[in-house]
Amino acid sequence: MRPSERQEVADAHDMAAKVAPASKARRDLMVIARTDAAASEGLAGAIARAKPYMEAGADVIFPEALNTAEMFRAFAARMPGAPLLSNMTEFGKTPFFTAAELEAIGYAVVIWPVSSLRVANKAQAELYAAILRDGGTHKIVERMQTRAELYAAIGLHDYEAFDCSIVQTIVPSGMSQRK
């Protein structure tokens with residue numbers, strides 16, 4: 001790795017000092033402490049940083065920049081009992097793993113943070129290409145989500161039922177209706 005590519009990381013003690021008050025103040029959230037040190041300090045450096053984060057009260061450890069299956073296994077083995085998060089992103093250095101594969105080696109949480117955006121962006125590019133090519137959307141309607149599918153996906157009818165269950169506001173009689 002060239003010096004210009006070296007990952008800058010926060011001081012481990014400073015990071016633990018940030019995790020501790022966050023974990024004390026939390027109510028309905030999880031404190032996830034991320035370490036990017038594997039890229040610049042190797043696996044041992046990432047583990048050395050993650051341990052004080054757990055001691056400071058982090059709920060989950062997020063080791064970033066693990067780029068081999070062995071690194072994933074070794075990190076999990078050296079952090080027994082620590083809930084671990086894996087970041088699966090396409091087009092990076094991390095190999096593809098399924099959620100079941102990661103769970104089997106000790107990862108409790110898996111995120112695919114950009115996958116849906118990438119799929120949506122490609123679909124949008126195809127939409128605009130079709131509009132440019134065909135002068136409209138008429139040739140790709142079958143690829144679109146219908147109104148009924150949208151309503152089902154967002155549970156619109158449940159919201160409507162809830163709205164109907166709320167008592168309507170009544171304006172008291174005898175009050176002026178003018179501003």
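The largest cavity in this predicted model holds about 50 Å³ of space. A cavity here is a set of points, on a 1 Å grid over the protein atoms alone, where a 1.4 Å probe fits but cannot get out; its volume is the space filled by probe spheres set on the points, which are joined across faces, edges and corners. A search of the whole structure turns up 1 cavity of 30 Å³ or more.

Who lines this space? Pro63, Glu64, Ala65, Leu66, Phe72, Leu85, Ser86, Asn87, Thr94 and Tyr107 do, lining residues being those with an atom within 4 Å of a point. The largest share, 3 residues, comes from strand E3. By class, the lining has 6 nonpolar, 3 polar and 1 charged residues, where Ala, Val, Leu, Ile, Met, Phe, Trp, Tyr, Cys and Pro count as nonpolar, Asp, Glu, Lys and Arg as charged, and the others, Gly among them, as polar.

Before moving on, a word on how to read the model. Residues are numbered from 1 along each chain as its sequence is written, and side-chain values use heavy atoms, with hydrogens and water left out. Local features need pLDDT of at least 70 and side-chain atom pairs count only at pLDDT 80 or more, while totals for chains, interfaces and linings use all residues.

Now to the charged pairs. The whole structure has 6 salt bridges, each a side-chain nitrogen of Lys or Arg within 4 Å of a carboxyl oxygen of Asp or Glu. In one of them, arginine 118 meets glutamate 90, with the closest N and O atoms 3.0 Å apart. Arginine 118 sits in helix H5 (residues 115-134) and glutamate 90 in the loop between strand E3 (85-87) and helix H4 (99-104), so this pair ties together parts 28 residues apart in sequence. Helices (H or I, at least four residues) and strands (E, at least two) are DSSP runs numbered from the N terminus. Arginine 118 is partly exposed at 32% relative accessible area, whereas glutamate 90 is buried at 17%; buried means under 20%, exposed over 50% and partly exposed in between, with a 1.4 Å probe and protein chains only.

Arginine 143 is exposed at 55%, and glutamate 126 is partly exposed at 32%.

Aspartate 134 and arginine 133 form another salt bridge, at 3.0 Å. Here aspartate 134 is buried at 19%, but arginine 133 is exposed at 58%. Finally, salt bridges that share partners join Arg34, Asp36 and Glu64 into one network.

Terms used: On a 1 Å grid over the protein atoms alone, a cavity is a set of points where a 1.4 Å probe fits but cannot get out, and a pocket is an open set with protein on both sides within 12 Å along at least five of seven lines; lining residues have an atom within 4 Å of a point.
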